[in-house]
Amino acid sequence: MELKLLALAYCCVGFVTSQVAPRRDDTWPPQELIKFFKPIHEKCVKEIGVSKEAINTFSDGEIHEDEKLKCYMNCVFHEAHVVDDDGELHLEKLVEGIELFGEEIEKIFLNMGKRCMKTQGATQCERAFWYHKCWKTADPKHYFLI
């Protein structure tokens, strides 16, 4: 369960600027996180019907509004068990998972999330999207979405 929490943190950040390219190399995104989240990704893609193009565009390109993408993000939170009894993201659970992947990754994710504490949005899908936008905006170099 802790791995799910950490992996969830990996996939969450905000806006990409044309000046900062996402880091994509042999060590980033961490392959252990991608492997861990693959079954969750596949389940949520099938359940929600989001396109892989929408996921990849958000991850490595521009932030865009897509209702299925928003609900996919929410599905990943639920499947990773990082939500509370009301279905709201539980940041403490994310932090617990991040600690398992070492100090460097922990610092990246904590820095990415430190300004993303006051969620906005009327629905769980909108709030999940808000977190991802915030994380991507905070650190477009390290943000990725599975």
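**Close-ups of disulfides, rings and core**

**View 1. Cys 71 and Cys 125 are joined by a disulfide, with 2.2 Å from S to S.** A disulfide here is a pair of cysteine sulfur atoms within 2.5 Å. This is a predicted model, in which local features need pLDDT of at least 70 and side-chain atom pairs count only at pLDDT 80 or more, while totals for chains, interfaces and linings use all residues. Residues are numbered from 1 along each chain as its sequence is written, and side-chain values use heavy atoms, with hydrogens and water left out. The torsion about the S-S bond is 110 degrees, and the link of Cys 71 and Cys 125 is right-handed. It bridges distant parts of the chain, from Cys 71 in helix H4 to Cys 125 in helix H7, 54 residues apart. Helices are DSSP runs of H or I with at least four residues, numbered from the N terminus. Cys 71 is partly exposed at 23% relative accessibility, whereas Cys 125 is buried at 13%. (Buried means under 20% relative accessible area, exposed over 50%, partly exposed in between, with a 1.4 Å probe and protein chains only.)

**View 2. Cys 44 and Cys 75 make a disulfide with sulfur atoms 2.1 Å apart.** The S-S torsion is about -80 degrees, so this one is left-handed. Cys 44 lies in helix H2 and Cys 75 in helix H4, so the pair ties together parts 31 residues apart in sequence. Both Cys 44 and Cys 75 are buried.

**View 3. Cys 116 and Cys 134 are linked by a disulfide, S to S 2.0 Å.** With -90 degrees about the S-S bond, the link of Cys 116 and Cys 134 is left-handed. Cys 116 sits in the loop between H6 and H7, and Cys 134 in helix H7, 18 residues along. Cys 116 is buried at 0% relative accessibility, and Cys 134 is buried too, at 16%. Look for Gly 113 as well: it is 21 residues from Cys 134 in sequence but 7.7 Å away in space, C-alpha to C-alpha. A search of the whole structure finds three disulfides, and their pattern is 1-3, 2-5, 4-6, with bonded cysteines counted along the chain.

**View 4. Phe 36 and Phe 37 form an edge-to-face pair, since their ring centres are 5.2 Å apart and their planes are at 80 degrees.** Rings of Phe, Tyr and Trp (its six-membered ring) pair if their centres lie within 6.5 Å; planes under 30 degrees apart count as stacked, over 60 as edge-to-face and the rest as tilted. Phe 36 is partly exposed at 22%, while Phe 37 is buried at 1%.

**View 5. Phe 77, Trp 130, Tyr 131 and Trp 135 are linked into a cluster by ring pairs.** Trp 130 is buried at 15% relative accessible area, and Tyr 131 is buried at 5%.

**View 6. The largest nonpolar core has 39 residues, and Leu 69, Tyr 72, Met 73 and Trp 135 have the most contacts inside it.** Such a core is a set of buried Ala, Val, Leu, Ile, Met, Phe, Trp, Tyr and Cys residues joined through side-chain atoms within 4.5 Å. Leaving aside neighbours within four places in sequence, Leu 69 is in contact (heavy atoms within 4.5 Å) with residues including Ile 55, Phe 58 and Phe 129.

Conventions. Helices (H or I, at least four residues) and strands (E, at least two) are DSSP runs, numbered from the N terminus.
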